[in-house]
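Here is a brisk report on one protein model. Have the coordinates open as you read.

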Amino acid sequence: MMFSESNNCWISPPVNGWCFLFCRIDSTGKEESLLFLNRLSRFFGEACFFGTHRISSYAAWIRSVNGRIVRSFITGDSGNIVNQGERTGIETGAAYMLIDIEDEADTSKGRPQWADNEDWVMQIAGDWTVNPQDLGDEQYQTEKQLGIAGVLP
C-alpha cells in the first residue's frame, strides 16, 4: 500500500497473533526509527521490521524485544550498514554465506550472498513472525476484518 504522506500508516487485522504496520520509516539504523520500534516492542512485547528493495540491493531485518533491539541487519549496494546482535533461525543455516563485495570468492566477510533477494527477507520474516508471501495460504485464513488507517505521530 502506498501513501502520499510519509507519516500515513495502515495496521492490518491480527494474523496468527501478529499485526502488520505498513508505513514509511527510516530503516538505515537511525535512532528515531529504532526508538519507534523499541516503543512498539515495549507495548506489545516484540516488534520487527523487514525491508527490501531490488534495485539498490537493500535488505533489512530488525527485531526488538521488550524495548531493546536484539538483532539488526541492514545491507545495500555499498555493503553492510548495520550488523548487530546474534544471528537467529534461518540466518544460522548453511545458506547464510557471506561474500565480500570486492571478492565474491571470500566468504569470511561482507554480506549474505542472498541478502538482495526479497524471498530471503520474507523467509526471515516467516522465521520470526509471518511470511507476508504466505498470507494466501489456508493456514492464515481468518474472518474478514478491516485494518486501521491513520497517521503516525
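The report moves from the overall fold to single residues.

## Basis of the model

This is a predicted model: local features need pLDDT of at least 70, side-chain atom pairs count only at pLDDT 80 or more, and totals for chains, interfaces and linings use all residues. Residues are numbered from 1 along each chain as its sequence is written, and side-chain values use heavy atoms, with hydrogens and water left out.

## Overall fold

The protein has 2 helices and 9 strands. Both kinds of element are DSSP runs, numbered from the N terminus: helices are H or I with at least four residues, strands are E with at least two. Along the sequence the pattern reads β-β-α-β-β-β-β-β-β-α-β.

Of the 153 residues in the protein, 35% are buried. Buried means under 20% relative accessible area, exposed means over 50%, and partly exposed lies in between (1.4 Å probe, protein chains only). The protein exposes about 9400 Å², and carbon and sulfur atoms supply 51% of that area. Accessible areas come from the Shrake-Rupley method with a 1.4 Å probe; for residues, only the protein chains shown count as cover. Take the contacts with a separation of 6 or more: residues 24 or more positions apart account for 42% of them. A contact means heavy atoms within 4.5 Å.

## The three-stranded sheet

An open sheet is formed by 3 strands in the order β2-β1-β9, with antiparallel pairing. Two strands pair if DSSP finds at least two bridges between them. The edge strands are β2 (21–23) and β9 (148–151), and each pairs on one side only. Neighbouring strands of this sheet are turned by 20° against each other on average, direction ignored. For such angles, axes are lines fitted to C-alpha atoms, for helices over the stretch in contact, and values run from 0 to 180 degrees between N-to-C directions.

Strand β1 (residues 8–11) pairs with β9 over 4 bridges, in the antiparallel sense. Ile-11 is found in strand β1. Opposite Ile-11 stands Ile-148 in β9. Ile-11 is partly exposed, at a relative accessible area of 32%. Together with Leu-21 and Ile-148, Ile-11 forms a nonpolar patch on the surface, with about 230 Å² of accessible area in total. Patches are made of residues with over 30% relative accessible area and no salt bridge; like charges are joined within 9 Å, and nonpolar side chains (Val, Leu, Ile, Met, Phe, Trp, Tyr) within 5 Å.

Strand β3 (residues 46–53) and β4 run antiparallel, joined by 8 bridges. Glu-46 has Val-65 in β4 as its bridge partner. The hairpin of β3 and β4 has 4 residues between the strands, and Ser-57 takes a positive phi near 55° there.

How many salt bridges does a search of the whole structure find? The search finds 1. A salt bridge is a side-chain nitrogen of Lys or Arg within 4 Å of a carboxyl oxygen of Asp or Glu. Glu-46 forms a salt bridge with Arg-63, and the closest N and O atoms are 2.7 Å apart. Glu-46 lies in strand β3 and Arg-63 in strand β4, so the pair ties together parts that are 17 residues apart in sequence. Glu-46 is partly exposed at 22% relative accessible area, whereas Arg-63 counts as buried at 18%.

Arg-42 sits in helix α1 (residues 31–44). Arg-42 is exposed, with a relative accessible area of 53%. Leaving aside neighbours within four places in sequence, Arg-42 is in contact with Asn-66 and Gly-67. The C-alpha atoms of Arg-42 and Val-65 are separated by 7.2 Å, with the two residues 23 apart along the chain.

Leu-40 is also in helix α1. Leu-40 counts as partly exposed, at 25% relative accessibility. Not counting residues up to four places away in sequence, Leu-40 touches Leu-21, Gly-45 and Ala-47. The C-alpha atoms of Leu-40 and Asn-66 are 8.6 Å apart, across 26 residues of chain.

## Positive phi in two loops

Most residues other than glycine have a negative phi. Asn-66 has a positive phi of about 50° although it is not a glycine. Asn-66 lies in the loop between β4 (58–65) and β5 (68–76). Asn-66 is exposed, at 58% relative accessible area.

Asn-16 has a positive phi near 50°. Asn-16 is found in the loop between β1 and β2.
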